[in-house]
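This report is written for a reader who is meeting the structure for the first time. It begins with the chain as a whole and then turns to one pair of helices and a residue between them.

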Amino acid sequence: MSYPTRGRTRANLYSGRLTDHIAPMTDTATPPAETAETPKERESEKTLRIKWRTSLDMGWTVIPSALLKGLPRLHIGATDLATLICLIDYWWAPESQPWPSKRALAERLGVSQKTIQRSLKRLQDEKLIVSEARRSASGGQTSNRYDLTPLVKRLEAIVADMKQAALDAEAAKRAATRPSGNRRKGI
């Protein structure tokens, strides 16, 4: 049995929160898991509402800070980032990679389909996405599916490096505040 998500925002598809508004159908085969919300999650949503007010009513998309902070390491420009953010916005369920048409991406960003095609090519060349051709029931080609797993893996590596850099900086700071003759062994 399929449980369509029409009428639910992407945000409440997972959290059951925010208001129900129009959202596209997805091919999710299982209902969203209902989870108990923690006080921290309630506080996070409250903070989001204070910051963004009613602009969240149509849903929202999570953009990891590592994506923005790691831009130089990802070797992508502004158009490629905008294209990537749009792909992320179409990624509604973890098990279902996005498949927007180049035309839909171009209309959303206000650029030509050729610009989107070049941007998707650069994202593939940087090994941030994998494009997979999809076929209709009649055998004709339809919009591509874009696997974002390579992006997630690259961001995980960036986060690991950032965490290690923070630990190294903290250790250096601690070492700098101790007199050189009074350093403890093993620290």
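How many helices and strands make up the secondary structure of the chain? In this predicted model, the secondary structure comes to eight helices and two strands, and, read along the sequence, these elements follow the pattern α-α-α-α-α-α-α-β-β-α.

Some values for the chain are set out here.

| Property of the chain | Value |
|---|---|
| Buried residues, as a share of the 187 residues | 27% |
| Contacts joining residues at least 24 apart, among those between residues at least 6 apart in sequence | 52% |

Helix α5, which covers residues 78-90, and helix α7, which covers residues 113-125, have axes that come within 9 Å and cross at roughly 85 degrees. Because angles of 65 to 115 degrees count as roughly perpendicular, α5 and α7 are described as roughly perpendicular to each other. On the α5 side, T79, D80, T83, L84 and L87 take part in the contact, and they meet T115, I116, S119, L120, R122 and L123 of α7. By class, this contact has five nonpolar, four polar and two charged residues.

Within helix α5 lies T83, whose relative accessible area is 0%, so T83 is buried. Leaving aside residues up to four places away in sequence, T83 touches L109, I116, S119, L120 and L123. With S119, the side chain of T83 also forms a polar contact of 3.1 Å, joining it to the S119 side chain.

Methods. Residues numbered from 1 in each chain as written. Predicted model: local features only at pLDDT ≥ 70, side-chain atom pairs only at ≥ 80, totals over all residues. Heavy atoms only, no water. Axes fitted to C-alpha atoms, helices over the stretch in contact; angles between N-to-C directions. Helix = DSSP H or I, 4+ residues; strand = E, 2+ residues; numbered from the N terminus. Parallel < 35°, antiparallel > 145°, perpendicular 65-115°, else oblique. Contact = heavy atoms within 4.5 Å. Nonpolar A, V, L, I, M, F, W, Y, C, P; charged D, E, K, R; others polar. Buried < 20%, exposed > 50% of the residue type's maximum accessible area, 1.4 Å probe, protein only. Polar contact = N/O pair within 3.5 Å; in protein donor to acceptor, adjacent residues only side chain to side chain.
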